[in-house]
Amino acid sequence: MSDLKLRQAIAAHAAMLIYTRDESEYFTAKRKAAKRLGVNFKHCPQDLPSNAEIQERLRLLSQTVENYGDSVGGTSEGLAAMRVEALWWMQTLESYQPQLIGSVWTGHVRRGSDIDLHLYTDSLEAVTMRLDEERAEYRVEHKRVIKHHQTRVYRHVHIAAAFPIELTVYSAGEVNYPFLSSITNKPIEKATPEMVRRLIEEEHPEVDLEAELDPERDVAVQDAAFMFKLLLEPLAEVKQSPTYHPEGDALYHSLQVFQLAYNAQPWNEEFLLAALLHDVGKAIDSRDHVTAGLEALDGLVTERTAWLIEHHMHAHAIHDRTVGHRLQRRLAEHPDYDDLLLLGECDRAGRKRGVAVPTVDEALAQIAAAGG
């Protein structure tokens, strides 16, 4: 690849990282993009694309997404799922007069969009205690902002849920304050829980809100998703053989395989879980990652998902024509044989450098949506 093409490739990948909100800083994005493409610019930072080059790629990427709707909100199902998630958290945090703002309310969401909620209370600790009761995974951020020569410290709580959520905690007396948009300088639209409920009923009549908003909804599913995340994240530190896995670490590979599986069968929840989780055992016991993975997932996945994970290495043997005749016949008689072969195809194809992939949270959210 020529230096110019390589520079352009790095700029394009860095723009994708920023667009999907995986990164917010241009310098970090371009260095990560270079690493993903197998390039080490440690000693030649001047060879990386400029911020202006990335901004131009970002502009083109934004136009493409807006023109073709390639986003989370590109489907009614994706937007509905985010709005239901927002309403569930508003219901859970009702003591703090929650209000929904931003793209989930207006409907202009894209990949990487989060759910923005304003809460009003003088006690940040009360909010975090409520989140602890829900066993939510979160982090607190105090952000100092200087605007119009005035300094203010904003209190943010970032929740890792089915979709990423940002809570901004204001004082109780500010509930009716007309906050202005930094872009339009006009008051920000703020929706109460009742307004969000009516919006869902009007725009997404297919949603069974009573079932979705049940206080006891999907507790086991939420616990399983939390465990999946704990098993997946260590894969980022599992370095693989460059001969068989030129793409890099095992997490990047797993997310590639998931995306390919999702492209093929976005409705097939058990198959998607197998694609995402097939290599979790590599962070536990690299000598026998299949057995280690199945033991870790015992009780968390269905029998069908476990079967696909158990035999995903056999799918490669079938492809290479090295599998034994008896095993081949036994596998072929299984009702999920075709899905096993497809999983093998996704596993082999998910080994490319520089491919854009979802985050772990995004992948788990897509699987949850597939499960209805």
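## How H11 crosses H13

In this predicted model, helix H11 goes past helix H13 in a right-handed crossing. H11 covers residues 269-277 and H13 covers residues 303-310. Their axes sit 9 Å apart, and the two helices pack at an angle of about 40°.

Sorted by class, the contact of H11 with H13 has six nonpolar residues, two charged ones and one polar one.

## The buried side of H7

Now find helix H7, residues 193-203. Which of the residues of H7 are buried? They are Val-196, Arg-197, Leu-199 and Ile-200. Go around the helix axis and you'll see that these four cover an arc of only 160°, which puts them on the same side of H7.

Last stop: His-316, which has its place in helix H14, residues 312-320. Is His-316 buried or exposed? His-316 has a relative accessible area of 11%, and buried means under 20%, so His-316 counts as buried.

What does His-316 touch, leaving out residues up to four places away in sequence? Gly-344, Asp-347, Arg-348 and Arg-351 are the residues in contact with His-316.

Conventions:
Residues numbered from 1 in each chain as written. Predicted model: local features only at pLDDT ≥ 70, side-chain atom pairs only at ≥ 80, totals over all residues. Heavy atoms only, no water. Buried < 20%, exposed > 50% of the residue type's maximum accessible area, 1.4 Å probe, protein only. Arc of directions from axis to C-beta. Axes fitted to C-alpha atoms, helices over the stretch in contact; angles between N-to-C directions. Left-handed = near helix turned anticlockwise from the far one by under 90°. Nonpolar A, V, L, I, M, F, W, Y, C, P; charged D, E, K, R; others polar. Contact = heavy atoms within 4.5 Å.
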